[in-house]
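Thanks for coming. Please look at the structure first.

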Amino acid sequence: MLKVLRKPFLTGLALALFLPAGLSNVAAAEQVSALDVEVEIDERYADSFDIGAAVEPSMLEGKDAEVLKRHFNSIVAENVMKPINIQPEEGKFTFEEADKIVKFAKENDMELRFHTLIWHSQVPEWFFLDKAGNPMVDETDPKQREKNKKLLLKRLETHIKTIVKRYKNDVSSWDVVNEVIDEYASNDEGLRESPWYQITGKDYIKVAFETANRYAAKDAKLYINDYNTEVEPKRTHLYNLVKELVEEGVPVDGVGHQAHIQIGWPSLQEMEDSINMFADLGLDNQITELDVSLYGWPPRPAYPTYDEIPAFEFERQAERYDQLFELYERLGDKISSVTFWGVADNHTWLNDRAEQYNGGVGVDAPFVFDTEYNAKPAYWAIID
């Protein structure tokens, strides 16, 4: 098995000394295909954690598939396993697209993460309508509200039971609930005031974990997943909730840290503190949706096209990736998986965000492979 000692990542003139004459470090790196580099990312970190990527079914063939097979030993569905895709109508489960990802994982001996059983977004409206078709959140009668709560929790159980039983032998990590914390919520606990919360309080979280645990494989792990888990006050709100669940015996195995981060934010210390806080509860940590945006918040101005992104931006990003993976590797006994929210720069939700904040024109470049599947400076940084 490949063993590599981490070294500080060299940029600019220092690295240029080791490259062929006339080539900058960025140009030289971009000439090497992800399929031709000698070191596979998952092999590089085999002693520390799995390396995953988020995919759509369309990415399971062609160049994407080849890069996935070469560099990743874990995958997760970017969208097709979310509630609105799996059960768009009550009782009508649509597994065709999800099955494609499961099949690919099995054929290529990959770990499979499931994302996500319960979420406040991309969930069909019917979940939250009473038997008469009225919005449950508008109900004022206490007796009817209690009936609505029982109905919603029953629907939740059916949804989770059906999915988990189907993929019991395929999924090793389940995102049971996603993004249940909102630091701007009006309640003191920072709980997201979604229809789930308005109708059931915290019970939907507990029932979701208990149901998933009832039907999942014995060695499968159950995660609560969220973004901005590194920063206050959201981190403390999440910690308090998870601590309460653990103390009550709710079967939570770990915390998923989405890690949609920027070159300069959050700090490495904040990341390390967050990992350690949840590890001290006896829980696993997974980095579940990693991408490193070139921009701050909001993402403007953004570069109009990929070709207009200057080399120094990729160097800055490489330094950030080097620092990240040094941290992850050092905390490897507390982190079981690191998943990129994509494969290469030609497919990322961050492009949509760049366009949204820049009048419909803008791109981002968050990964270690470029739009042509060539190794970026960030790849060389994490490989050392």
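Buried here means under 20% relative accessible area, exposed means over 50%, and partly exposed lies in between, with a 1.4 Å probe and protein chains only. Helices (H or I, at least four residues) and strands (E, at least two) are DSSP runs, numbered from the N terminus. This is a predicted model, where local features need pLDDT of at least 70, side-chain atom pairs count only at pLDDT 80 or more, and totals for chains, interfaces and linings use all residues. Residues are numbered from 1 along each chain as its sequence is written, and side-chain values use heavy atoms, with hydrogens and water left out.

Start with helix α12, residues 311-330. Its buried residues include F314, Y321, F325 and Y328.

Now the rings. Rings of Phe, Tyr and Trp (its six-membered ring) pair if their centres lie within 6.5 Å; planes under 30 degrees apart count as stacked, over 60 as edge-to-face and the rest as tilted. There are 23 aromatic pairs in the structure. One of them, Y45 with F325, is tilted, at 5.2 Å centre to centre and 50 degrees between the planes. Y45 is in the loop between α3 (41-44) and β1 (50-55) and F325 is in helix α12, so this pair ties together parts 280 residues apart in sequence. Both Y45 and F325 are buried.

F95 and Y167 are edge-to-face, because their ring centres are 5.8 Å apart and their planes are at 90 degrees. F95 counts as buried at 11% relative accessibility, and Y167 counts as buried at 2%.

Finally, one aromatic cluster is formed by Y45, F49, F72, Y321, F325, Y328 and F340.

Definitions and conventions:
Expected span 1.5 Å × (residues − 1).
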